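Reader: I would like a close look at a single part of this protein, followed by an account of how other parts are put together. Please take the residue I ask about as the starting point and go on from there in one connected answer.

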Amino acid sequence: MSQEKINKVTIIGSGPAGYTAAIYAARANLEPVVFAGGPTLDHPQRVPGGQLMVTTDVENYPGFPDAITGPELMERFQKQAERFGTTIHMENVTKIDFSSRPFFIQGESGISYRSESVIIATGATAKWLGVKGEDTYKNRGVSACATCDGAFFKKQDVLVVGGGDTAMEEATYLAKIVQHVTLIHRRDSLRASKVMQERVLNNPKISILWNSAVEEVVGDAKGMNGAVVRNLKSGDSQLLKATGLFVAIGHTPNTELFQGILETHQGGYLKTHPGSTRTNIEGVFACGDVQDSYYRQAITAAGTGCMAAIDTERWLIEQGE
């Protein structure tokens, strides 16, 4: 069933960026509609609310001195957006047309809108190893964000998987907190920049296992306590004792819907004008992890969500809306 209505602003995606954009847009009387997203066949792990929905304790979001769980934090975001009159559809957008205004947006259920402006907040999905035990111990030792979860591993032994700048950053950050970091890399040389490599290679709290890959994550009822690592040259495997495994092999921005329509950086992240959330199409804005390959934090995503709502409001005023 299709009901077509011209909307002032439609927000695609939820999470801290999408819901913050909704809160600000709603308070500006823009009556935003949010397509919050959800699982797909290709990405069954995606849920409305973004990556915080699969995070346990969030200790670094301002205003929560005793921590808060990711799902509880996102529930509060959603309720606040709804309080100011945001309409939320718990489904994915399946079709868009940005060729003319008002833009066309259609969801999985068939509901569709014409919209004067669009804010994209579809986020990014962490790349995982896909090995046995990884899903079992996610948030119980296995993580894709050292800044988010590193504090839980003070004075413990942890593993980091990867060979690029992200892995170097994660390992260097963790070395300040944990007892020891073992970096596991599939090749015999790192892909990271020279500066990042030197920081790792010269850090006495970081050791590297070259030509190696994680085969399995192991643990017990309390959580992860080790990983089986295989040497790709000799074929020999060993069990490394560790309470944490940080997967740092990159993120994939959720931009499938916008391929060939919006400009992207080399890694697939949406391009926005410097100091702004504007994309290459007038009236289309992007915020959060879908356009941020560097910080990837809930607080920075929320900040750009605020920016997107303000940019959208000012742009609509410029258009005489």
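This is a predicted model: local features need pLDDT of at least 70, side-chain atom pairs count only at pLDDT 80 or more; totals for chains, interfaces and linings use all residues.

Is Ala-67 buried, partly exposed or exposed, and what is its relative accessible area?

Author: Ala-67 is partly exposed, since its relative accessible area is 23%, and a residue would have to fall under 20% to count as buried. Its place is in the loop that runs between strand 4 (57-58) and strand 5 (68-69). When neighbours within four places in sequence are set aside, Ala-67 is in contact with Asp-57, Val-58 and Glu-59. Thr-94, which is 27 residues away from Ala-67 in sequence, lies 36 Å from Ala-67 in space, C-alpha to C-alpha.

Ser-212 can be set beside that residue. Ser-212 lies in strand 16 (residues 212-220) and, with a relative accessibility of 4%, counts as buried. The side chain of Ser-212 reaches the backbone oxygen of Trp-210 at 2.8 Å, and beyond its neighbours within four places in sequence Ser-212 is in contact with Ile-184, His-185, Arg-186, Val-229, Arg-230, Asn-231 and Leu-232. Strand 16 runs antiparallel to strand 17 (residues 223-231), to which eight bridges join it, and the two strands form a hairpin with two residues between them. Within this pairing, Val-218 has Gly-226 of strand 17 as its bridge partner.

Another sheet is open and has five strands in the order 6-3-2-10-21, with parallel pairing. At its edges stand strand 6 (87-89) and strand 21 (284-286), each of which has a single partner strand, so that one side of each is left without a neighbour in the sheet. On average, and with direction ignored, neighbouring strands of this sheet are turned by 20 degrees against each other. Strand 2 (residues 10-12) pairs with strand 10 (residues 118-120) in the parallel sense over three bridges, and Ile-11 has Ile-119 in strand 10 as its bridge partner.

Helix 1 (residues 15-27) lies across strand 2, strand 3 (33-35), strand 6 and strand 10, and runs at about 170 degrees to strand 2. Helix 1 also meets helix 6 (residues 298-318): their axes come within 7 Å and cross at roughly 35 degrees, and the crossing is right-handed. From helix 1, Pro-16, Ala-17, Thr-20, Ala-21, Tyr-24 and Ala-25 take part, and they meet Ala-298, Ala-301, Ala-302, Gly-305, Cys-306 and Ala-309 of helix 6. By class, the residues of this contact divide into 10 nonpolar, two polar and no charged.

Definitions and conventions. Residues are numbered from 1 along each chain as its sequence is written. Side-chain values use heavy atoms; hydrogens and water are left out. Helices (H or I, at least four residues) and strands (E, at least two) are DSSP runs, numbered from the N terminus. Buried means under 20% relative accessible area, exposed over 50%, partly exposed in between (1.4 Å probe, protein chains only). Contact means heavy atoms within 4.5 Å. A polar contact is a pair of N or O atoms within 3.5 Å; within protein, one must be able to donate a hydrogen and the other to accept it, and residues adjacent in sequence count only if both atoms are side-chain atoms. Two strands pair if DSSP finds at least two bridges between them. Axes are lines fitted to C-alpha atoms, for helices over the stretch in contact, and angles run from 0 to 180 degrees between N-to-C directions. A crossing is left-handed if the near helix is turned anticlockwise from the far one by less than a right angle, and right-handed if clockwise. Ala, Val, Leu, Ile, Met, Phe, Trp, Tyr, Cys and Pro count as nonpolar, Asp, Glu, Lys and Arg as charged, and the others, Gly among them, as polar.
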